[in-house]
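Q: Hi! I have a protein model open and would like to walk through it with you. Can we start now?

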Amino acid sequence: MMEPPRRGIAPVVPPVATSWQRIDAWLSRHAPKALAELKPPASWQSLEEAESRLGFPLPADLRESLRCHDGETSLLGVLPCRRLYSVLEIIEVREMRMELWEPDDPDQAETPWWGTKWVPVSGADGDDHFIDAGEGMWQNHLGDAVHDDQACFLGWPSLGSWLHEVAEAMEHHDESWFGAVTAPRIDNRGDINWRD
């Protein structure tokens, strides 16, 4: 279990690729069907093209994650979030959100539905998890933007910190686990379930 940070000292979060190696290894042993639904790594060219269309760099953790898996084919999601987006889906979803976004709407300033530097990472049915790629106090934080309400931040300071906790939950799935991510269950068909 991750130790709580000491006052004034941020916890050390391993590289995203390390967490993905742990996740992949666990899936290989316990849920190979789910592992097969994760796509191969994104190419460097696709990442550069995405950044060109975005007009700003992808958050570093997201870039590293996409170099491990370029999204997934699952309908429900392999990890305890909505289905992970590929590089192409990230761009398409963000462009759709930006077309619908109304920056002059006074409600947008008080209760934002979408932000100019938010990058979607997973989603389903018009609801998207995102990373804030902008400057300021929420930079790199994970958030949730549903289709019919205001967005909110989820308490994860980075994609890397969340993936680390997912790996921890997987590796402790057969123990009493009280982490911030619920431990997964595997049913008799080999399907992974993150909800009790």
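Q: How much of the protein chain counts as buried?
A: Of its 196 residues, 47% count as buried. Buried means under 20% relative accessible area and exposed means over 50%, with partly exposed in between (1.4 Å probe, protein chains only). Keep in mind that this is a predicted model: local features need pLDDT of at least 70, side-chain atom pairs count only at pLDDT 80 or more, and totals for chains, interfaces and linings use all residues. Residues are numbered from 1 along each chain as its sequence is written, and side-chain values use heavy atoms, leaving out hydrogens and water.

Q: Okay, and how many helices and strands are there?
A: The protein chain has 7 helices and 7 strands. These are DSSP runs numbered from the N terminus (helices: H or I, at least four residues; strands: E, at least two).

Q: Let's look at α3. Which residues are buried there?
A: α3 covers residues 44-54, and its buried residues are Ser-46, Leu-47, Ala-50, Glu-51 and Leu-54.

Q: Why are they on the same side of α3?
A: Because they cover an arc of only 135° around the axis; the arc is that of the directions from the helix axis to the C-beta atoms. In general, an α-helix has 3.6 residues a turn, so residues three or four places apart point the same way.

Q: What's exposed on the other side of α3?
A: Gln-45, Glu-48 and Ser-52.

Q: And what do the buried residues of α3 pack against?
A: They pack against α4 (60-66) and α5 (87-100). Contact here means heavy atoms within 4.5 Å.

Q: New topic: how many residues are in the largest nonpolar core?
A: It has 44 residues. A nonpolar core is a set of buried Ala, Val, Leu, Ile, Met, Phe, Trp, Tyr and Cys residues joined through side-chain atoms within 4.5 Å. Among those with the most contacts inside this core are Trp-20, Leu-79 and Trp-162.

Q: Which helix gives the largest share?
A: α7, with 7 residues of this core.

Q: What does Leu-79 touch?
A: Leaving aside neighbours within four places in sequence, its contacts include Trp-20, Ile-23, Trp-162 and Met-170.

Q: Last one: is Ser-74 buried or exposed?
A: Ser-74 is buried, with a relative accessible area of 5%. You'll find Ser-74 in the loop between α4 and β1 (83-84).

Q: What does the side chain of Ser-74 reach?
A: It reaches the backbone nitrogen of Gly-77 at 2.9 Å. A polar atom of that Ser-74 side chain also lies 3.1 Å from the backbone nitrogen of Leu-76.

Key. Polar contact = N/O pair within 3.5 Å; in protein donor to acceptor, adjacent residues only side chain to side chain.
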